[in-house]
Amino acid sequence: MSKEKGIPNTQELKMPKMGESITEGTIINWLVNEGDTFEEGDIILEVATDKVDNEVPAPVSGTLKEIVHKAKDVVPVGEVLAILEVSDEGKSKSKSESFSNKEKESHQEKEKIDTPKSSSKSSSSSTSTSSSTSTSTSISNSNTFFSPLIQSIAKEQHISFEELARIPATGHDGRLRKSDVFNYIEDGRPNKFAQLAAPQDPTAYRIPQLTFDKGKGKIIKMDRMRQMIADHMVYSTHTSPHVTAYVEADLTNMVNWRNANKKAFQEKYGERLTFTPLFVEAVAKAIKDFPNINASVDGANIIVKEDINIGMATALPSGNLIVPVVKNADQKDLKTLAENVNEMAGKARENKLTGDDVKGSTFTISNVGTFGSVMGTPIINQPEVAILALGIIKKRPEVIETEKGDEIAIRSMMYLSLSFDHRVVDGFLGGSFVRKVADYFEQFDADRTI
C-alpha cells in the first residue's frame, strides 16, 4: 500500500538469521547514528554471533530514525534493532519487501499476544519464588524475561525459573545473558539450595562454598571473543565427561614424502603443502571406519552425522582461538584439501572468516605441535563428542623390525591424544578410532604421486 506524499514511510530493521543454529547476536557497535542518512547496501552496524563478526547492510536507502537496541545488547534473531525512515528512492525499491498496513497490524497484534505469555510464565515463577521463599535469597534479576537460549541452558543444567531469577544479570535493562548463567554455574550455583525444595539426601554430594584469594596484579579485561571462548570451554567441561586416550605414530614415510614433494606440489597446483591436509585426509578416512565418533548428543538421542566436516583449531593474531571448517573432507582429494586449508588459514590470519567458515563442524583436530607441545588434552568442541590433538613431530631413536631383526633407527614420531565424551563414546570406540588414525599416518604411501 503506497504512502501519501509528505508522510514518511518507516521500516523495521531486524536481527538477521546468520546460521542454522544461531538464535541471538551481540551488537558490537552502530556505524550510523540516529538522524544519519545512508544508502542501500551501506553497513549500518556490526553484529557478533558465536566467534564471528558480521556486518549488517542497509536493506533500503533512508535515515536512521530510532535505535532500539544499543551496542553490547544481546538480541534474539528476528527482534527489531532499529526503525528506518525510507527515502523516496528507497520506497520504490522496498515496496515489495515492506509490510502492508494489514500485515503490520497482524504482526504487532501477534507480538502483543506472544509477549505476555512468556513474561507471565516467568512472572508466575518469580511470584511463586517471592511467596514461598521469604527466608531465602532475594531476587537479584529484576527482568524476569528469559530468552529461548537461556531457557535451553537452564533446562540442560536443571536450573529452575526461581533459580534463574536470582542470578545477577548484566544485560541491557537487567536482561540475563548466557555468560551470566555460565559464570553462575562456574561459581558453584550458590543459590541452588536457596529455594524451598524436597529434603535433600543427606549422603548426596554438595558443592562447597569456597572463597579464594585471587591475588593482586595487573587487571586485563577479557575481550568479547575471549569471553565467548571461556563460556564455551566451561560449558563443554560441565556437559561432557572428558576421557583422553593416547597413542604414538611413526610419521617417517609421511614426513619424507612431504619434504620430497612440497616444492613440486606448489609448482603444479599453486598451493603450499603443509601437514594439515594430510592429517585431515587421514582423520576423514578413520571417521568413515568409525562413524559413531562423528556425532552429537541431543538429550537421550545420539545423532550420527552424515557429513564429515573437519574443524581445524586455529590461533588468531590476537591469541584467541577459532575453528574454521573443511566441509565434506572425505569427498575431496589432496589438492582440494590443501586449497581449503590454506584459504581458511589465510582468512584467520587476516580476521576475514565468515559465519559459514566456522559453521557445521562435526569433528575437530587441534595441532598443538605447532606450538612445540609434545601432546595435549583438548577440550571437546561442543556439540561434538570427540576432539583430536596432534603433538609435535619429533625425531627419536626407535627400535624397528627389519629383515635382519630388531634395529635402532632415527624415526619421526608423534603423540596423538583423543578427548572424547564418555556419555556416548566408550573406551573401545575412542581407543580404536585414535589407533586407526595413527595407522593411516604410519601406512602412508611413500610412492604416492601428486
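**Helix packing around α8**

**View 1. Helices α8 and α9 cross in a right-handed manner.** In this predicted model, local features need pLDDT of at least 70, side-chain atom pairs count only at pLDDT 80 or more, and totals for chains, interfaces and linings use all residues. Residues are numbered from 1 along each chain as its sequence is written, and side-chain values use heavy atoms, with hydrogens and water left out. A right-handed crossing has the near helix turned clockwise from the far one by less than a right angle. Contact (heavy atoms within 4.5 Å) involves T276, P277, L278, V280 and E281 of α8 and L334, L337, A338 and V341 of α9. Of these residues, seven are nonpolar, one is polar and one is charged. The α9 helix covers residues 334-349, and its axis comes within 9 Å of the α8 axis, at roughly 120°. The two helices are therefore oblique to each other, a class left over after under 35 degrees (roughly parallel), over 145 (roughly antiparallel) and 65 to 115 (roughly perpendicular).

**View 2. Helix α8 also packs with α10, at an angle of about 135°.** Helix α8 spans residues 276-289 and α10 spans residues 427-442, with axes 9 Å apart. This pair is therefore oblique, and its crossing is right-handed. On α8 the contact residues include F279, A282 and V283, and on α10 they include F433, Y440 and F441. The contact has nine nonpolar, no polar and three charged residues.

**View 3. The protein chain has ten helices and 19 strands.** Buried residues (under 20% relative accessible area, 1.4 Å probe, protein chains only) make up 41% of the 450 residues.

Notes
Axes are lines fitted to C-alpha atoms, for helices over the stretch in contact, and angles run from 0 to 180 degrees between N-to-C directions. Helices (H or I, at least four residues) and strands (E, at least two) are DSSP runs, numbered from the N terminus. Ala, Val, Leu, Ile, Met, Phe, Trp, Tyr, Cys and Pro count as nonpolar, Asp, Glu, Lys and Arg as charged, and the others, Gly among them, as polar. Buried means under 20% relative accessible area, exposed over 50%, partly exposed in between (1.4 Å probe, protein chains only).
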